[in-house]
Amino acid sequence: MASEMLGHVALPGDVASVPQARLYVRDLLSAVGPSRLEDALLLVTELVTNSVRHSDSGRRPDGQVAVVVTERPEMVHVDVIDQGSASRTPRVHQDVDTDSGGGRGLWLVRELASAWGWHDDPVGRVVWFQMAKQPPA
């Protein structure tokens, strides 16, 4: 099955880009359905926030974060691409404190996405997730 690119946007590596990324993805995925759309937006929010807080994209004055959205008949795939970090790699915190102000981003991605992962490539660090268009039965 071929994927269709729905859109690609490059944003400054700044916390102000988080709501811009959400709005961009909301516009692209408005036909996905209300329950899955909100889940997808939450995960985009978490991944873009992680990029601007924990990668070189948020540390450099010219840093950028890109969001790429593709679609297959039953699934949506989202890549969040940043400039990576030599000292940090994405990891899921095992002891999630629901009262803390952070540390739940990748835990949420793991819990809500159909699949997720990350890899480094020549354009930077890619953290991705896939989400079935229909909620699990």
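Strand 4 and strand 5 form a hairpin, with two residues between them. Strands here are DSSP runs of E, at least two residues long, numbered from the N terminus. Colleagues, this is a predicted model, in which local features need pLDDT of at least 70 and side-chain atom pairs count only at pLDDT 80 or more, while totals for chains, interfaces and linings use all residues. Residues are numbered from 1 along each chain as its sequence is written, and side-chain values use heavy atoms, with hydrogens and water left out.

Let me begin with the pairing. Strand 4, residues 115–121, runs antiparallel to strand 5 over seven bridges; two strands pair if DSSP finds at least two bridges between them. His119, for instance, has Val126 of strand 5 as its bridge partner. Strand 5 is also joined to strand 3, residues 75–82, by eight bridges, again antiparallel. There, Met75 is partnered by Ala132.

How many of the nine residues of strand 5 are buried? Eight are, so strand 5, residues 124–132, is largely enclosed by the rest of the structure. Buried means under 20% relative accessible area, with a 1.4 Å probe and protein chains only.

I turn now to the cavity. On a 1 Å grid over the protein atoms alone, a cavity is a set of points where a 1.4 Å probe fits but cannot get out, and lining residues have an atom within 4 Å of a point. The volume, about 30 Å³ for the largest cavity, is the space filled by probe spheres set on the points. Strand 3 gives the largest share of its lining, three residues. Among the lining residues are Met75, Val76, His77 and Gln130.

Methods. Buried means under 20% relative accessible area, exposed over 50%, partly exposed in between (1.4 Å probe, protein chains only). Helices (H or I, at least four residues) and strands (E, at least two) are DSSP runs, numbered from the N terminus. On a 1 Å grid over the protein atoms alone, a cavity is a set of points where a 1.4 Å probe fits but cannot get out, and a pocket is an open set with protein on both sides within 12 Å along at least five of seven lines; lining residues have an atom within 4 Å of a point.
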